[in-house]
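Me: I am new to this structure and would like to know what stands behind the words used for it. Please set the values against the cut-offs as we go.

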Amino acid sequence: MAAAESDRDPPSALCSEFLNFSARDTATRWLEAADLKHEVYRHLAVYVPRILCLGPTPGGGGAGSSREEQREELACQLLLLAPLEWFLLGEEPSTGLALLQEKNQPSPLCGHVFKVGEPTYSCRECAADPTCVLCMQCFLGSVHREHRYRMTTSGGGGFCDCGDAEAWNKGPYCHNHTPTANTRDSEADPTALLPADMVARGYSIFSIILKYAVDLLTWDQEDQVPAGLEPPERGDTYYCMLFNDEVHTYEQVIYTLQKAVSCSQKEAVSFATTVDRDGRKSVRFGDFQFCEQAKSVIVRNTSRQSKPLRVEVMHSSVVAHQCFALKALSWLGQVIQYSDGLRRTLCQVGLQTGPEGENSSLVDQLMLNDSKMWKGARNIYHQLLMNSLLMDLKYKKIFAIQFAKARMLMVEENLMKTIIRTFVDHLRHRDLHGRFQFDRYTAQQAFKFGRVQSLIGDLKYVLISRPSQWNDQLRVKFLEGLDAFLELLKCMQGMDPVVRQVGQHIEMEPEWEAAFTLQMKLTHIITMIQDWCCTDERVLIEAYRKCLSVLSSCHLPEGEQPISLSVAGHTVETFRYQVSQDKVSIHLPLYRLLAGLHVLLSRTEVASRFPEQLPLGELSPPLLIELPLRCLVLCAQVHAGMWRRNGFSLINQIYYYHNVKCRVEMFDKDIIMLQVGASMMDPNHFLMIVLSRFELVHIFSSDCRKRYREANKDVVQQNNTLIEEMLHLIIMVVGERYVSGVGQVEPLEEVRREIIHQLSIRAMAHSELVKALPENGNKETGLERVIDSVASFKKPGVTGRGLYELRPEWTKHFNLYFHHYSRADQSKAEEAQRKTRRQNGEDTALPPPRPPPLCPLFASLVNLLQCDVLLAVEGAVLHWAVEPSGGGWTESMLQRVLHLVGVALLEEQQQLENSSGDDDVTFNYTSKITRPGEAPSTSGSVLALLESLQNAPHLEVHKDMISWILKMVSNIKTMRERSCSTSTVAVSQGQGPEEMVRDKDKAERKRKADMARLRREKIMAQMSEMQKHFINENKELFQQSLEELEASTSAPPERSPPGLEPMCVSQVCVGPRRVGGAEPRQLVTCILCQEEQEVRGHGRAMVLAAFVQRSTVLSKNRRRSLPDPERHDPVFMHPDLSMGVHTASCGHIMHATCWQRYFEAVQLKEQRRQQRLRGHTSYDVENGEFLCPLCECLSNTVIPLLPQTRPPDPSVSHPSLEAWLKLTNQQTAVLRYTHRSQSGGVAEEAEPVVPEGFRVDFAPQNPFSSSVSEMVTAFSVSAYKVGLKVNPNEQDPRVPVVVWSTCAYTIQSIGTHTHTYTHTHLRGRADAVCLSERLLMDEQKPLFGSLPCRQDDCLSSLTRFSSACWTSAPVTTTHTHFVRLFTALHPDASAADAPCVLDMDMFHLLVYTVLSYSSVHTLDQSRWSSVDSAHLHLLHLVTVAHLVQILLTSTTEEVCMDQDGAGSQEEELTCQLYDRLRKHLSSVLPEVTSGWQLYRRVKVGILPFLRSAALFFHYLNSTAPPADLLVAGPGQWEALCSYLSLPSNLLQLHQSQHTQLEPLIQRWCCHPGVRRSLQGGGAVVQFPRESNRLIDLPEDYSVLINQASSFTCPRSGGDKARAPTLCLVCGSLLCSQSYCCQTEVEGEDVGACTAHTFTCGAGLGLFLRVRESQVLFVAGKTKGCFYPPPYLDDYGETDQGLKRGNPLHLCAERYRKIERLWHQHGIAEVIGHAQEANQTLVAIDWQHL
Ligand SMILES: [Zn+2]
Ligand SMILES: [Zn+2]
Ligand SMILES: [Zn+2]
Ligand SMILES: [Zn+2]
Ligand SMILES: [Zn+2]
Ligand SMILES: [Zn+2]
Ligand SMILES: [Zn+2]
């Protein structure tokens, strides 16, 4: 790029200008200029292109580019911004700004601008609308903290509303923003306090700069700059600028860039990241042609499937000015922070109307061009708006008026109309009738809806706050808006009509989603418009008129032929129409809006107060109900299976029609419309039309026997379903009265009823209830206000969630035919309700609940219940039911009829109860049902039929309900008789002209009586509830204390696990006195073939499924880098345990051969599967993984079962330590010599003395059959492979070491975690006492007896295996290992490379030496000593070494304490030993006066070692543990020591073998490493090692969100991380799931989390995804799963995805559960199970997280 190179020289030339340039002089010149703008522009024209954007900006961000940036920054400040500041301030800028700041009055508004992901808080009680939010700081200092608040994370860009009194109904100020006494009056003009000339200068310079910036940011010419800015000399220098879009993926962009501008993958990633972040990025710099060429490549490469990426070749001067424009905007934002006066000035400049008149201010121009700008530019100007306009109280209001908020706007701007018109314009496609027509719901359509959606958002914003006061102008504007809206609805009316498909299935699913999307989006708007109408009578009346007239202008149901129907002696005229044959549409928004308004007429009583103003006379009820009825019939027919051939699109539409998101303005309103129609019609006519549309007239009009003649069984069944559906519809029309306005109810009663019915299905979580209620962003569901009155809350356990249960007193409100039940809900609820009734010993009838009274406008609805047509239908069904059903009728049909009868009886009963005696109750169902049936059902009265059905054997299920009905009938009769006897007198009184007046009086009286009764009922209900509550509470109290009493009196049952039968003799597990291993035969059963098999070294091999994994759970040093797999020497484990190998097993045993066959089958299956779809599984077969065939537990190898160790041979002698050391020394010397001579390195050294009977060349016989040997090798190799992450190699000398290490590590992890002490560093004596007491005295778990069976099996087979694994390795390797290990313990001159005593984990050393000794022992043919005595000596030696290790490390912090009382023997001996160590190390060790304390520390420090050793020897030698170790309690220490054959005063070990040990101790101490470590050369591990915990999490989740929101990506310079993720192990915050932080691990790019697991958790990780509130488990690169977070809301639920926004708090138990999983190495298994259960998890690219 030669051109670029030469252009990069100017800096030096510019430097001289730096020195000569004077900002002050420039400013002075400007002051004197006649045309200021001209002068300023000339200055910019010269300097901007010379300073900014010269040449390519390298992608990487190396040192060179940052220096370049600094230079640019400096030049900008000195040459461009400084003159502006001088001009503005008239003096040295720093002085001037400081002066300004003194006079500054900080804004009363917080105005904090939210970063992406920052928590925001809104108050559900006090916020004016849900867009009003607080920042965390303000929230914590506000009253809303105690209210019901909602927490969300910001998408970035909003601001805090604290201090804005209009945003909050209560508590607008937080602690910090509360106005104080010396706050200036907010009305005062802040510019008045500034010098007038400065204000004038400010005004002119702000105008120029803001205009400059606006022009350039909205500039759309690539080659030209705005007038006046032309560069003095114009070069052929261009940028190839790439813009982002929503279509192309990251990968596409990266790939294209690599091709187009031939850059590296890394650079391409960096370009793509910047494009994504800033919205554009120059990818090439050079001459025009050079850039044009890149552009064409990019365009060509990205245009195949979609619109090409946007690329522009821009002249460098354009880019330079645009860069400076951004800097200038930032500068403006900074300057106004110094002075509220200047801020006000800038506001004036920004909002001043420009020369083009309305909407031409600079701010207008910015906002109007918002979508044209690139993201980076948008961010900067948004920031400026927020710093200026939104921080100035006066201008905030003006701004709001200009661009949003509510009715002022509506008045002045006619906004509603404008938005809706624009909206309609956007949906251009119409059919012949002007209805919307949508293409297939493609991406493009979605985009279109994206635009439409923002318009809907605007509309919502306009409508969000209902006016409390109307004026004429507002009415006019609103109604104009409504007109436009009605036009919109008209276009939707009848969208997507469907016709029933017969014969063939439809070929292509018709489009339906777009229409429903639109409907869903408009649902809230429709509701809001109704809310507005509700607040003003005149508007309501006018809206009703308008809606009606638009409706009548729609083409009405097309001209079908008129027909006349007659049923039960009634006749009605209607027309022929069949849903099953003609067109029908689900979209009827106009009817539904009218239905909504009609209800409002009733609710507001406008209908009764101004009947003359309403066009009620113009309504034609049959026309009103026609289309909604068709829609409901369509649903019924779909249920009846008549529309099967119409495919899923119709099913989906029906689903959404009823769904909670749509139903309020669809299904619910259709029911209401039927209620409207029915209340205005003759009920018989209404029902006949219904029958006709259901196509059922013929069944009920003519001879009922005709039904049976119908040949086709399908048709009969279809008709049965239709009859059921029709009956259900009638039930709903007369029974659904919970909409305020239809029935006399409060809005909250509707919500309460909804909840009662949800909870009648089953107990539910809060979130489920929320989902069942219609919610929108502006309105709460009302759930909170009723939930506690109808339900009781059950707290969750460690899993699951909190549940609400319906209180029993509310079950009487249960209605089986609740209109929002689906059929499935209904049958579930029915079952649940019957069950509870049976449990309570009640009958199982589910009669209808008492319905609330209807409003006057709907009062005549009840007549449906007693009209002749319905009675005929009821009679017919009951008549059919006399015979057992042969398909001619159904149980549900009967059940519905019984329900309807019940509703009618309840109605009559209520009317009778409410009549004040002299009333003539017109509703007389009981008398009608006693009339004998008319033709065709000549069978007798409904009542007679019911009586005859009561005892019918085939109607057993309905018996209770029929009895209930008959009882009601007789009750009502009694009531009637009673009232008749009193009212006969009244009736006889004259029915003269006063009748009318009297009626009115009566109605009034009745209304009052009703009210009083309602009040009474309410109070009674409250009282009874309070009582019940009290009783319930006390019940629990009693129960609780009773249980406690029981618990305290009955002793816990004696525990004696069968396998661990304690013995009376003292149990010793190690050394010649050990017991155990005597069990004769061990029988196991293979889970695959079910055969029993004895475990024998020479038998068929039996194996245990096992899972080996690397682990860092015990690590005390997470900074240690992972060992190099090839060179790592595992013979000595460092005490920081930074990485170990863990083995777990589910405990399931198989024949080796059975397992092999199984595994081969798995492999084969996997191969076939991969060929088919290259799918993933939850296990990686290539890595040897499989699932246990019985329990599906993740496994990757098998452990062979080996027989127990034989009991010790009593004939063999037990040499003293001295003798044994001497012998072993000789043996190791011989071995060392032999090995060296074999490897050719023979020195001149003398051949050592060979002890008697020691045969170096002895080849022991393999004790195992080939089948067992093979398995021994198999496990060894897989442990080696996983543990070291290397390729399998049987010959590697490290194989046995890894096996020993996994044995040691697994035991150690149990020894460490069985006691869950919480433990801080030993800081002083108090801590030490406390800790030691806790450890020694009240350990929570005993050492033995608490392990689960499978772990027990795993450890015993692992340990036995480890002791024998040397048999499959070359003998010399094990010898070599033993020699090295022994030398570390017993150093001599030849062992220079042995590690120092501080660098070895003593338990690992013990296990390795013990296990490797066996191979050396076989060489000793003298049979002089036993293996057991060697084990005991090794244990003693290692224990002493550990004592020394503890003493050396425990006193690095100086503690001086007075000794209380005389020292015990233990303390004295401890001091003696410590003094010896000090002698060897002199000054390095501090002096300690308190032997007591020292001894305590030793005891505490060595305990984990002793526990682990006891476990080890227990499993090695199969020695039953003593009784004291099976239960927690005192005496543990003594029992442990005696079990291990150690003195309980451990110091005696040292004391008694003083002469043998002293030289050893001296050599340990003299190792140079000891002195180095103790003098601060590296972290010294102290004992006991604390058990690792997961990091502490804050109680309040928002604290975490806040932390994460300020976390920036460590790689991309200050950018906010999109998916901040917290490592729960070490507390690191990571930038997850993002290109910027991908790193290469083992040749693959992986995300930050995966990369982190490799350093922090050896491939396994536990994270918290902060923004999602989700725990993430990752294992390796391919496996992971999500896990519920330990945070719960007050309803006992997690909020994964942070969607609900309830405050979340830490649940300690759940967090502990996660920690336990981690301690027990159970994460991989959890992942395996999760992936098995949910296949979609397998497909996630976990490695990129
Ligand atoms: Zn704030
Ligand atoms: Zn505040
Ligand atoms: Zn509040
Ligand atoms: Zn088998
Ligand atoms: Zn299993
Ligand atoms: Zn970590
Ligand atoms: Zn990053």
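Me: Why does Lys669 count as buried?

Reply: The model is a predicted one, and the relative accessibility of Lys669 in it is 8%. Buried means under 20%, so Lys669 counts as buried.

Me: What makes the contact of Lys669 and Glu665 a salt bridge?

Reply: Their side chains meet at 3.3 Å, N to O. The cut-off is within 4 Å, for a side-chain nitrogen of Lys or Arg and a carboxyl oxygen of Asp or Glu, so the pair is a salt bridge. Glu665 has a relative accessible area of 2%, which is under 20% and therefore buried.

Me: Where do Arg834 and Glu830 lie?

Reply: Both are in helix α35 (residues 823-839), four residues apart, about one turn of the helix.

Me: How many salt bridges does a search of the whole structure find?

Reply: The search finds 44. Some residues are linked in a network of salt bridges: Arg762, Glu768, Arg801, Asp1689, Glu1693 and Arg1700.

Me: Which residues of helix α57 are buried, and how do you know that they line one face?

Reply: In α57 (residues 1597-1605) the buried ones are Tyr1597, Ser1598, Leu1600, Ile1601, Ala1604 and Ser1605. Seen down the helix axis, these residues fall within an arc of 155 degrees, so they line one face of α57.

Me: Why is the arrangement around the zinc ion (ligand 7) called tetrahedral?

Reply: The zinc ion (ligand 7) is coordinated by the SG atoms of Cys1609, Cys1631, Cys1636 and Cys1637, at 2.1 to 2.3 Å. The angles between these four donor atoms run from 100 to 124 degrees. Tetrahedral requires all angles to lie between 85 and 135 degrees, so the arrangement is tetrahedral. In sequence, the donor residues follow the spacing C-x21-C-x4-C-C.

Me: Are Cys1631 and Cys1637 buried or exposed?

Reply: Cys1631 has a relative accessible area of 3%, and Cys1637 has 7%. Both values are under 20%, so Cys1631 and Cys1637 are buried.

Key:
Residues are numbered from 1 along each chain as its sequence is written. Chains are lettered from A and ligands numbered from 1 in the order in which they are written. This is a predicted model: local features need pLDDT of at least 70, side-chain atom pairs count only at pLDDT 80 or more; totals for chains, interfaces and linings use all residues. Side-chain values use heavy atoms; hydrogens and water are left out. Buried means under 20% relative accessible area, exposed over 50%, partly exposed in between (1.4 Å probe, protein chains only). Helices (H or I, at least four residues) and strands (E, at least two) are DSSP runs, numbered from the N terminus. The arc is that of the directions from the helix axis to the C-beta atoms. Donors are N, O and S atoms within 2.8 Å of the metal (3.2 Å for Na, K and Ca); water is not among the atoms, so sites may look incomplete. Four donors count as tetrahedral if all angles lie between 85 and 135 degrees; four count as square planar and six as octahedral if opposite donors are over 155 degrees apart and all others between 65 and 115; anything else is irregular.
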